[in-house]
Amino acid sequence: MSLSKVYSFPTNEKLSEALNEYVAHLSREAIARNGRFTIAFSGGSLPATVCRFLKDNKEVDFSKWYVFWADERCVTLDNEESNFKLLRKELLDHLVQTDRGIPPDQVMQINEDLVGDQNAAAEDYQEKLGSVFSGTTKIKYPELDCILLGIGPDGHTCSLFPNHPLLEEKTKWVAGLDDSPKEPPRRITLTYPVLNHASNVVFVANGAGKRKTIKKILDEKDVHLPASHVAPFKGTLSWFLDDAASKDLSETSPSPFKL
Ligand SMILES: O=C1O[C@H](COP(=O)(O)O)[C@@H](O)[C@H](O)[C@H]1O
């Protein structure tokens, strides 16, 4: 099991600069090794924080990116609740406008025709993951190069909520739920086995509102919070926080970033 690194930055801007540096580094390494970079984004506040500088980073070869969602709401792609729509606004449209767009068949959004049935949508999404990872070989779990995770005040991550039966899911890569305690209730989510087989998992959180939750996970090791169970088997686990979010932590790691 991996040890986690916890980085904290004085401002939200510095946090975004560090994330730009780190994601660009992971992308460069993966492309040099495998000719592509597979990344999953969460929704909520994360895309704006991660993409603020990344979207203009000319050293990133976005043409080699395969983009997935760590979780998605079962809504149409133009709905205000859509995590896809959020990333379009924060990254995808900007790349197209600046002639560095990700090829559309490498952007793996939820199937809009299936949003009325979360289980069908989840199965379809699992097949999309399979089309990129399995090729002709049957694999047990996909190994994404990078999964970017947000965290809710209740400790949820992706759409894995406290006390939910999906926390026990061991077989499916992607699962559906229609009882999310946060709106909208119908969603699909990556499961723990996929999170924990990734090469690099990165939690991103900012603001005082997340402070108590982060302390419970990192210092108090509270097992009731879903984010506490993200622990990549072989991969790295990093936390990127701003000082408002990390204020009560007993310690953070020295920052290796050139900001
Ligand atoms: O519902 C969701 O919430 C979490 C946390 O969002 P935030 O706005 O508090 O950062 C997010 O990570 C997840 O993708 C989203 O569907």
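This is a predicted model: local features need pLDDT of at least 70, side-chain atom pairs count only at pLDDT 80 or more; totals for chains, interfaces and linings use all residues.
Which residue is the bridge partner of I147 in β8? The points below take this up, along with the rest of the fold.

1. **The six-stranded sheet.** Start with the open sheet of six strands. Its order is β1-β9-β8-β5-β2-β3, and the pairing is parallel. The edges are taken by β1 (4-9) and β3 (65-69), and each of these pairs on one side only. From one strand to the next, the twist averages 20 degrees.

2. Look at β5 and β8. Strand β5 covers residues 146-149 and strand β8 covers residues 200-205; they pair in the parallel sense over three bridges. Here is the reply to the opening question: I147 has V201 as its bridge partner in β8.

3. **The three-stranded sheet.** A second open sheet has three strands, in the order β4-β7-β6. Its pairing is antiparallel. Strands β4 (71-73) and β6 (174-177) stand at the edges with a single partner strand each, so one side of each has no neighbour in the sheet. The twist here averages 15 degrees from one strand to the next.

4. **The β6 and β7 pair.** Strand β7 spans residues 187-190. It pairs with β6 in the antiparallel sense, over four bridges. Within this pair, A175 stands opposite T189 of β7. As background, strands of a sheet pair through backbone hydrogen bonds, either parallel or antiparallel.

5. **Helices across the sheets.** Helix α1 is made of residues 12-34. It lies across β1, β2 (37-41), β5, β8 and β9 (236-242), and runs at about 160 degrees to β9. Helix α4, residues 118-133, lies across β6 and β7. Its direction is about 165 degrees to β6.

6. **α1 against α2.** The axes of α1 and α2 come within 7 Å and cross at roughly 70 degrees. The two helices are therefore roughly perpendicular. On the α1 side, the contact uses N12, L15, S16, E17, L19, N20, V23 and A24. On the α2 side, it uses T49, V50, R52, F53 and L54. By class, this contact has seven nonpolar, four polar and two charged residues.

7. **α2 against α3.** Helix α2 covers residues 46-54 and helix α3 covers residues 83-97. Their axes come within 9 Å and cross at roughly 15 degrees. That angle is why α2 and α3 count as roughly parallel to each other. The crossing is right-handed. P47, A48 and C51 of α2 meet L86, L87, E90 and L91 of α3. By class, the contact has six nonpolar residues, no polar ones and one charged residue.

8. **Around the ligand.** Which residues are around the ligand? They are S42, G43, G44, S45, L46, A70, D71, N83, G150, G152, S159 and K182. By class, this shell has two nonpolar, eight polar and two charged residues. Several elements already described supply members. L46 is one of the shell residues, and α2 covers residues 46-54. N83 is another, and α3 covers residues 83-97. D71 is also in the shell, and β4 is made of residues 71-73.

9. **A cis peptide bond.** Check the step from E183 to P184. This peptide bond is cis, with omega near -10 degrees. P184 sits in the loop between β6 and β7.

10. **A positive phi.** D99 has a phi near 60 degrees, a positive value in a residue other than glycine. Its place is the loop between α3 and α4. For context, most residues other than glycine have a negative phi, and most peptide bonds are trans.

Notes:
Residues are numbered from 1 along each chain as its sequence is written. Two strands pair if DSSP finds at least two bridges between them. Axes are lines fitted to C-alpha atoms, for helices over the stretch in contact, and angles run from 0 to 180 degrees between N-to-C directions. Two residues are in contact if their C-beta atoms, placed from the backbone, lie within 7 Å. A residue is near a molecule or strand if its C-beta atom, placed from the backbone, lies within 6 Å of it. Ala, Val, Leu, Ile, Met, Phe, Trp, Tyr, Cys and Pro count as nonpolar, Asp, Glu, Lys and Arg as charged, and the others, Gly among them, as polar. Angles under 35 degrees count as roughly parallel, over 145 as roughly antiparallel, 65 to 115 as roughly perpendicular and the rest as oblique. A crossing is left-handed if the near helix is turned anticlockwise from the far one by less than a right angle, and right-handed if clockwise.
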